[in-house]
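Colleague: I should like to understand the reasoning behind the terms used for a structure of this kind. May I put some questions to you?

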Amino acid sequence: MDKTDKAYTPKEVNSLLDVSESTARKWCISLEKKGYMFIRNDRNQRLFTEHDLVALKKFQALLKETNMPMDNAADIIISRFGKGTFEDRTLSVPEESNEERRSLQRSEETIDKLMKHIETQEEYMRKQDKFNQDLLKRLDQQEKYILSSIEERDKSLTNSLREMQQTQKLIAASQEKKWWEFWK
């Protein structure tokens, strides 16, 4: 580390990587277990250089894009970025490996498949919604038909009952004997 290089605090790194403090701490511990060394201040707090920041960004990408376990991602970071700022070698930003390209390509293919599946599901849901609306319309029509049929039936029954009562009254009236006819 040069005297002109900027050292980032953990809070700044958390903000730059858009991760929580505990997540960044877990990542650093995972890298340190594999031999990566971060600069520490007199209170034993980690400080981060540009090199560390690039390594952590790559670590984050490996975890997010490939769902790789932290130990495996830490091994890849160590192999590509060395063991930290104090390692004696020329630092460069490594190119993506074929394995990473294949992994990203598989991820893209998986995303494409999932997007097609989502589109299919959305189309199915639209068809199902239309079917449900048609079914509701039919049910409303059927309910109206049943109610009108019941109403017509009730009217018809009421009329039949009235006619029967009138017929019975007429029959009863014609069969009724007058008081003087009781002795006959």
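**Serine 30 and its surroundings**

Modeller: Leaving out residues up to four places away in sequence, serine 30 touches Phe59, Met70, Asp71 and Ala74, where contact means heavy atoms within 4.5 Å. This is a predicted model, in which local features need pLDDT of at least 70 and side-chain atom pairs count only at pLDDT 80 or more, while totals for chains, interfaces and linings use all residues. Residues are numbered from 1 along each chain as its sequence is written, and side-chain values use heavy atoms, with hydrogens and water left out.

Colleague: Why does serine 30 count as buried?

Modeller: Buried means under 20% relative accessible area, exposed over 50%, and partly exposed in between, with a 1.4 Å probe and protein chains only. The value for serine 30 is 6%, so this residue counts as buried. Serine 30 lies in helix H2; helices (H or I, at least four residues) and strands (E, at least two) are DSSP runs numbered from the N terminus.

Colleague: What elements does the protein chain have, and in what order do they run?

Modeller: The protein chain has five helices and two strands. From the N terminus on, the order is α-α-β-β-α-α-α. Of the 184 residues in the protein chain, 21% are buried.

Colleague: How do you know that the span of helix H4 agrees with its number of residues?

Modeller: The expected span of a helix is 1.5 Å times one less than its number of residues. Helix H4 (residues 70-81) has twelve residues and should therefore span 16 Å; its end C-alpha atoms are 16 Å apart, which agrees. Glycine 82, whose phi is positive, near 80 degrees, follows H4.

Colleague: Which helices do the buried residues of H4 pack against?

Modeller: They pack against H2, helix H3 (50-66) and helix H5 (98-175). The buried residues of H4 include Ala73, Ala74, Ile76 and Arg80. Arginine 80 is buried because its relative accessible area is 14%. In space, arginine 80 and alanine 55 are 8.6 Å apart, C-alpha to C-alpha, although 25 residues separate them in sequence.

Colleague: What makes a space a pocket, and which residues line the largest pocket?

Modeller: On a 1 Å grid over the protein atoms alone, a pocket is an open set of points with protein on both sides within 12 Å along at least five of seven lines, and lining residues have an atom within 4 Å of a point. The largest pocket is lined by Pro10, Lys11, Asn14, Glu21, Ala24, Arg25, Cys28, Gln45, Arg46 and Phe48. Its volume, about 180 Å³, is the space filled by probe spheres set on the points, which are joined across faces, edges and corners. The largest share of the lining, four residues, comes from H2.

Colleague: Is asparagine 14 buried or exposed?

Modeller: Asparagine 14 has a relative accessible area of 12% and is therefore buried. Asparagine 14 lies in helix H1, and its contacts beyond four places in sequence are Val19, Ser20, Glu21 and Ala24.

Colleague: What makes the phi of asparagine 44 and of asparagine 67 worth a remark?

Modeller: Most residues other than glycine have a negative phi. Asparagine 44 has a positive phi, near 65 degrees, and asparagine 67 has a positive phi of about 55 degrees. Asparagine 44 is exposed because its relative accessible area is 51%; asparagine 67 is exposed because its relative accessible area is 68%. Asparagine 67 lies in the loop between H3 and H4.

Notes. 1 Å grid on protein atoms, 1.4 Å probe; cavity = no way out; pocket = protein on both sides within 12 Å on 5 of 7 lines; lining within 4 Å.
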